[in-house]
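Biologist: Please walk me through this protein, one question at a time.

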Amino acid sequence: MRNKLLILFVTVLLMLCFSGCSIPTSSVDSGNANAVNTENIEAGKTVEPVLVPILDVDKMRPEIAAIIDRGELVVAIPSEDIPVFFEEDEDGELKGIEITLAKGLAASLGVEVVFERSAKSHDELTDKLLSGEADVVIATYSNSLERAKKALLSEPYLDVDYGVMANRQALLEYEAEDNPVPILKKGNVKIGAVKGTSHLEMAAILFPGCEIIELESYAAGAKAAAEGEIFGFFCSEFQFILEYGEDPSLSIYTKTFTFQDVQDSFCVGVAPGNEGLMDYINIYIKKNKNTFSKNEILAGFLKLFEGDNE
């Protein structure tokens with residue numbers, strides 16, 4: 001009974017805290033952004049990948065042949081967990097939707113997967129590619145313009161909405177309780193984003209008149225928005241769910257708006273010069289894109305909150 005009440009509480013919390021709006025820009029089509037859909041949530045089934053035997057390595061593209069000869073695919077992910085996407089369980093084993101993706105990709109090449117976890121930020125993941133310490137990055141790695149200057153970026157395997165967690169008092173003062181976009185487009189307010197992420201770049205693109213504040217962490221961003229230090233905190237929708245799950249009192253001081261017409265696209269990063277591997281990954285993603293969905297991710301969050309309160 002307690003677990004059912006908790007799931008109901010989280011669902012209602014999301015409905016109360018999230019609203020939708022759109023950001024009209026010259027580069028994106030305007031549309032209605034919707035609150036996160038929590039209906040018909042079903043937990044996704046995780047299937048352990050099976051290694052595929054590889055033959056005729058000498059006829060393969062060199063970067064793929066090198067991975068197969070080595071017997072392992074090195075995947076970079078940050079040192080800090082992002083629950084549901086990649087995290088260590090009680091036994092120290094990595095799990096999450098992106099861990100499943102990485103294992104499946106490695107298995108399709110007939111090799112084991114090794115995770116490189118020394119990066120302190122998403123931008124440091126790019127350095128791992130350029131230094132040769134990792135073959136790929138699979139870790140909520142957004143396809144930003146700055147990253148595209150340094151690394152090869154795959155087709156997206158997941159698109160999530162961007163959003164702003166805004167301070168409720170500021171919304172009242174600016175008469176923007178239902179839609180903060182006019183205020184954000186006009187500028188002259190402070191918008192926070194976590195340093196070392198693509199969100200800084202995107203916030204500057206979307207809101208050129210605003211003062212963009214670099215924050216140390218997502219938790220710091222939520223705190224700054226709740227305390228009114230900034231007008232709002234910019235990032236992707238699932239991070240907001242994590243913050244509200246960690247601290248439900250945030251709903252008293254903040255309201256979150258998601259932008260359905262401006263999305264954060266997660267992709268696989270590969271070092272320059274590895275076009276053969278990039279081609280392979282794009283085909284793999286195309287054939288496995290329906291492996292997980294937003295509903296599965298939401299189910300993972302609800303399971304996370306349920307487990308924290310048992």
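## Strands and burial

Biologist: How many of the 13 residues of strand β12 are buried?
Modeller: Strand β12 covers residues 254–266; helices (H or I, at least four residues) and strands (E, at least two) are DSSP runs, numbered from the N terminus. Buried means under 20% relative accessible area, exposed over 50% and partly exposed in between, with a 1.4 Å probe and protein chains only. The strand is largely enclosed by the rest of the structure, because the number of its residues that are buried is 11.

Biologist: What should I keep in mind about the model itself?
Modeller: This is a predicted model, so local features need pLDDT of at least 70 and side-chain atom pairs count only at pLDDT 80 or more, while totals for chains, interfaces and linings use all residues. Residues are numbered from 1 along each chain as its sequence is written, and side-chain values use heavy atoms, leaving out hydrogens and water.

Biologist: Which strand is joined to β8 by 10 bridges?
Modeller: Strand β8 spans residues 158–167 and runs antiparallel to its partner; two strands pair if DSSP finds at least two bridges between them.

Biologist: Which residue in β5 is the bridge partner of valine 75?
Modeller: Strand β2 (residues 72–76) runs parallel to β5, with 5 bridges joining them. The bridge partner of valine 75 in β5 is phenylalanine 115.

Biologist: Which residues of α8 are buried?
Modeller: Helix α8 covers residues 199–206. As 6 of its 8 residues are buried, it is largely enclosed by the rest of the structure. Those buried residues are His199, Leu200, Glu201, Met202, Ala203 and Leu206.

Biologist: How far apart are the C-alpha atoms of cysteine 235 and methionine 202?
Modeller: Cysteine 235 is found in strand β11 and counts as buried because its relative accessibility is 0%. Leaving out residues up to four places away in sequence, cysteine 235 touches Asp161, Tyr162, Gly163, His199, Tyr218 and Phe240, where contact means heavy atoms within 4.5 Å. Methionine 202 lies 33 residues away along the chain, and the two C-alpha atoms are separated by 9.1 Å.

Biologist: What is the relative accessibility of serine 236?
Modeller: Serine 236 also has its place in β11, residues 232–236. Beyond four places in sequence, its contacts are Val160, Asp161, Tyr162, His199 and Asp264. Serine 236 counts as buried because its relative accessibility is 8%.

Biologist: Which element supplies the largest share of the lining of the largest cavity?
Modeller: On a 1 Å grid over the protein atoms alone, a cavity is a set of points where a 1.4 Å probe fits but cannot get out, and lining residues have an atom within 4 Å of a point. The largest cavity holds about 170 Å³ of space, a volume being the space filled by probe spheres set on grid points joined across faces, edges and corners. Of its 17 lining residues, the closest to its centre are Thr140, His199, Tyr218, Ser236 and Phe266. The largest share, 3 residues, comes from α10.

Definitions and conventions. 1 Å grid on protein atoms, 1.4 Å probe; cavity = no way out; pocket = protein on both sides within 12 Å on 5 of 7 lines; lining within 4 Å.
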